[in-house]
Amino acid sequence: MSADAGDGGDQGCIANQALRCDGDTLVRCNNEGMAEVPESCTLGCVASELRCSDVKPSNNLAQFLDLAAAEPGFDFGTTASIDTDSGTVTVDGKPIHVNSAMLSQVAAPVIRVFFVRSLTTTDVSVTGRNALAVVAAGDLRIGGVFAASAVVTTAGAGGYNDGTCQGGQGDLIGNGPFGGCGGGGFGSPG
């Protein structure tokens, strides 16, 4: 509300005008110009411009943020498996339904996109030839191992080889550059 309206004046605010950011919430004037209404900003509020952030990932995953906000939150229990080919999710030995979609890319693997309000999990193993993305409107909490591998000669999650985009053997001791894949933090070639 304007300063006049807030201290007993008869003037309201300008209808639909952005007024301020309160953390990740944009506060606007309502349609009638008489009250403030909060608008949750999934990607944060930009105070300098009084708007919700619209930073979009370059891989077209932003389109799933609105879908994620309407989904339930999930707890994947102690052990879970995700098959990126079929979209099957199994939690502690039992299949559950999690909405997903396939997203094609140019000169890159297809992505199986799971969209959830939030996700809590301990250990997860991922199989299938498609890449994996999890889009959440809230928190993603991984309390254990999230195991996914993409091996060109073996069909792993997101395995992809276009002849030019592939990892190589790491060189830990040699004189050359340290190329290739990471060794998982244990000092061995990837």
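# A tour from the cavity to the disulfides

Select Phe76, Ile82, Val89, Val98, Phe114, Val116, Leu119 and Val134: these residues line the largest cavity. Keep in mind that this is a predicted model.

**Stop 1: the cavity**

Leave that selection on. What is the make-up of the lining of the largest cavity: nonpolar, polar or charged? Its residues are eight nonpolar, with no polar and no charged ones. The space inside the largest cavity comes to about 40 Å³. How many cavities of 30 Å³ or more does a search of the whole structure find? It finds one.

**Stop 2: the cysteines**

Clear the view and show the disulfides. The structure holds three. Number the bonded cysteines of the protein chain in sequence order, and the pairing reads 1-3, 2-5, 4-6. Now take the pairs in turn.

**Stop 3: cysteine 13 and cysteine 29**

Select cysteine 13 and cysteine 29. Their sulfur atoms sit 1.8 Å apart in a disulfide. Cysteine 13 is in the loop between α1 (3-6) and β1 (18-22), and cysteine 29 is in strand β2 (residues 25-29), so this pair ties together parts 16 residues apart in sequence. Why is this disulfide of cysteine 13 and cysteine 29 right-handed? The torsion about its S-S bond is about 80°, so it counts as right-handed.

**Stop 4: cysteine 21 and cysteine 45**

Move to cysteine 21 and cysteine 45. They form a disulfide, with the sulfur atoms 1.9 Å apart. Cysteine 21 belongs to strand β1 and cysteine 45 to strand β4 (residues 45-46), so the bond ties together parts that are 24 residues apart in sequence. Check the torsion about the S-S bond of cysteine 21 and cysteine 45: it is about -65°, so the disulfide is left-handed. Are cysteine 21 and cysteine 45 buried or exposed? Both are buried.

**Stop 5: cysteine 41 and cysteine 52**

Finish with cysteine 41 and cysteine 52. This disulfide has its sulfur atoms 2.0 Å apart.

Conventions: Residues are numbered from 1 along each chain as its sequence is written. This is a predicted model: local features need pLDDT of at least 70, side-chain atom pairs count only at pLDDT 80 or more; totals for chains, interfaces and linings use all residues. Side-chain values use heavy atoms; hydrogens and water are left out. A disulfide is a pair of cysteine sulfur atoms within 2.5 Å. Helices (H or I, at least four residues) and strands (E, at least two) are DSSP runs, numbered from the N terminus. Buried means under 20% relative accessible area, exposed over 50%, partly exposed in between (1.4 Å probe, protein chains only). On a 1 Å grid over the protein atoms alone, a cavity is a set of points where a 1.4 Å probe fits but cannot get out, and a pocket is an open set with protein on both sides within 12 Å along at least five of seven lines; lining residues have an atom within 4 Å of a point. Grid points are joined across faces, edges and corners, and a volume is the space filled by probe spheres set on the points. Ala, Val, Leu, Ile, Met, Phe, Trp, Tyr, Cys and Pro count as nonpolar, Asp, Glu, Lys and Arg as charged, and the others, Gly among them, as polar.
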